[in-house]
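Here is a short report for a reader who is new to this structure. Take a look at the model first, then read on.

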Amino acid sequence: MLERLRARARAFANRLRRLERRELDAFLRWIERTGSLLHFSVVVFVPLLIAAVTWLSNATAAVSFLLFPPLASGTYTLFADPEGRYSTPGKFVGGMTVGALCGWLAVASVATAGDGVSATGAALGVFLTGTATWALDLEEPTAFSTALLVLVTGNAQLAYVLGIAVSSSFVAAAFVVWRDRVYEARAQYLYQTTQGDDHVLVPVGGPDAEPVARFAAALAGAHEAGKVVLFDVVSEASERRDGDPVESGDPGQADAAPLERADDAVRTAESLAADLEAAYDVPCEVVVAAGDRGSSGLVLRTARENNCDLIVAPYAESDRGGLSAFITGLFDSEIDVIAFRSSDGRSRWRRSLVAVRGAGDTARAMVDFALRIADSRRPVSVSTCIDHESHRRSAETTLADLVDAFSGPFETHVVTEPVEDYLSRVASRYDVVFIGSSTDRSTASRFVSPPTFRKLGDLESDVAIVHRGRRR
């Protein structure tokens, strides 16, 4: 009875841990998106900054509460659109301060009648603010609100102006730290491929093993902690490598055949590993196991045992034209996978094209991989295809959000053309084209619009199909 209760408690605790991991992974994938990060920053940092300014203002009764409405709206503008026209510290502080000064000048220049706000003073304050901010290139909406709010501060106009200058400077300083340390560095802290995908497993043994292994070594070599594991499988069938079956009457010969094949596989893999270490300055290991060469489960188990977070496998198709069962088996795992198809056996990839549908984690992974292998003097091309010109502006914004998180030269293209036609037309200009695996799409979506890689069998470039692992 007690043992059953303990077993149920352990099972329940394991279930909670799995749920916690899934929720954490879902949150990380959500906040990786630029829009989600901005929304999160708005609801977290803006209230904290306003609270800090309020706490500081409470230390002196000279500061009016009227400075908070324009300060709150301006702070929101900074964090919600850090790349926008109003989101520079100088324009933020200068615009609000100039607006307050212009309102103060208007109050000093116009005599007030009675207890009401002077209409002439309001008009003059707005006029002066518009003229001054235009001349100083400090135009921003909050400047006009600070100019008008001075009119209702009574005898505390000077304190209001100083309060605006000091509080906006405090917010601007916090914004600069957030933008430089969090927003601009979000690829380093949030995007999992920039932190991982260092240990790369490569199934070898086939005719395309060398170019695939070289591509994997170029990826791993871009990180200091990079490592390549070459993995080969020796079949357990009692056949010689030349296809002649071993005679059943000679058990010694039957035992020797698998050992000979294993020795040959190790020698071949070690020779390739030595070449990779010399060419790409990346450590390489060799693992040879007995089993079925077409078993994706064996490859995945070996990747886990060797702490590999990326698998680069030769691209393979089934008889019906889709991905082979081996590749689909690799895609149905928690490990990142690249199915690589070499067109001419090249060993360097200086020009890269990344074809994306959006700015999700697969697109970010493809951009990161492209930066790793591309020539640092050449821009990485990132493109997306649209159906209608009305989608161009949103597509340009999507590409800007995608590449802005990475440091490196980029060029972006928005094309009104079917993706397969566009890639067939331009692929010959590039050494490698990165395409998503579409495993993040629903079955119905893939049925209506088949994955891009199924239509690109004749591309005149290498093709890397990227799958992001399904974290569990």
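Which residue forms a salt bridge with Arg346, with the closest N and O atoms 3.7 Å apart? That partner is Asp431. The model is predicted.

## Arg346 and its partners

Asp431 lies in the loop between α16 (419-426) and β9 (432-436). Arg346 lies in the loop between β5 and β6 (352-355). The two are 85 residues apart in sequence, so their pairing ties together separate parts of the chain. Both ends are buried. Asp431 has a relative accessible area of 8%, and under 20% counts as buried. Arg346 is at 16% and is buried too.

Arg346 also meets the side chain of Asp462 in a salt bridge, at 3.2 Å from N to O. This pair links distant parts of the chain, 116 residues apart. Asp462 sits in strand β10, while Arg346 is in the loop between β5 and β6. Asp462 is buried, with a relative accessible area of 0%.

## Other salt bridges

How many salt bridges does the model hold? The count comes to 12. In general, side chains of opposite charge can pair when their charged atoms come close.

Another of these pairs is Glu389 with Arg392. Their closest N and O atoms are 2.7 Å apart. Are these two residues buried or partly exposed? Glu389 is partly exposed, at 45% relative accessibility. Arg392 is partly exposed as well, at 23%.

Strand β5 covers residues 336-341. Is it enclosed or open? 6 of its 6 residues are buried, so the strand is largely enclosed by the rest of the structure. Its residues point two ways. Asp336, Ile338 and Phe340 point one way from β5. Val337, Ala339 and Arg341 point the other way. The residues on both sides are buried.

Which strands pair with β5? One is strand β4 (residues 310-314), which pairs with β5 in the parallel sense over 5 bridges. In this pairing, Ala313 has Ala339 of β5 as its bridge partner. Another is strand β10 (residues 462-467), which runs antiparallel to β5 and is joined to it by 5 bridges. Here the bridge partner of Phe340 is Ala464 in β10. Strand β10 also carries Asp462, the salt-bridge partner of Arg346 described above.

## A negative patch on the surface

Which residues gather in a patch of negative charge on the surface? They are Asp81, Glu83, Asp180 and Glu184. Asp180 is found in helix α7 (residues 157-183). At 43% relative accessibility, Asp180 counts as partly exposed.

## A contact across the sequence

Ala218 lies in helix α10 (residues 209-221). It is buried, with a relative accessible area of 14%. How far is Ala218 from Tyr280? The two are 62 residues apart in sequence. In space, they are 6.3 Å apart, C-alpha to C-alpha.

Technical notes. Residues are numbered from 1 along each chain as its sequence is written. This is a predicted model: local features need pLDDT of at least 70, side-chain atom pairs count only at pLDDT 80 or more; totals for chains, interfaces and linings use all residues. Side-chain values use heavy atoms; hydrogens and water are left out. Buried means under 20% relative accessible area, exposed over 50%, partly exposed in between (1.4 Å probe, protein chains only). Helices (H or I, at least four residues) and strands (E, at least two) are DSSP runs, numbered from the N terminus. Two strands pair if DSSP finds at least two bridges between them. A salt bridge is a side-chain nitrogen of Lys or Arg within 4 Å of a carboxyl oxygen of Asp or Glu. Patches are made of residues with over 30% relative accessible area and no salt bridge: like charges are joined within 9 Å, nonpolar side chains (Val, Leu, Ile, Met, Phe, Trp, Tyr) within 5 Å. Accessible areas come from the Shrake-Rupley method with a 1.4 Å probe; for residues, only the protein chains shown count as cover. Lys and Arg count as positive and Asp and Glu as negative; His and the chain ends are not counted. The place of a charge is taken as NZ of Lys, CZ of Arg, CG of Asp or CD of Glu.
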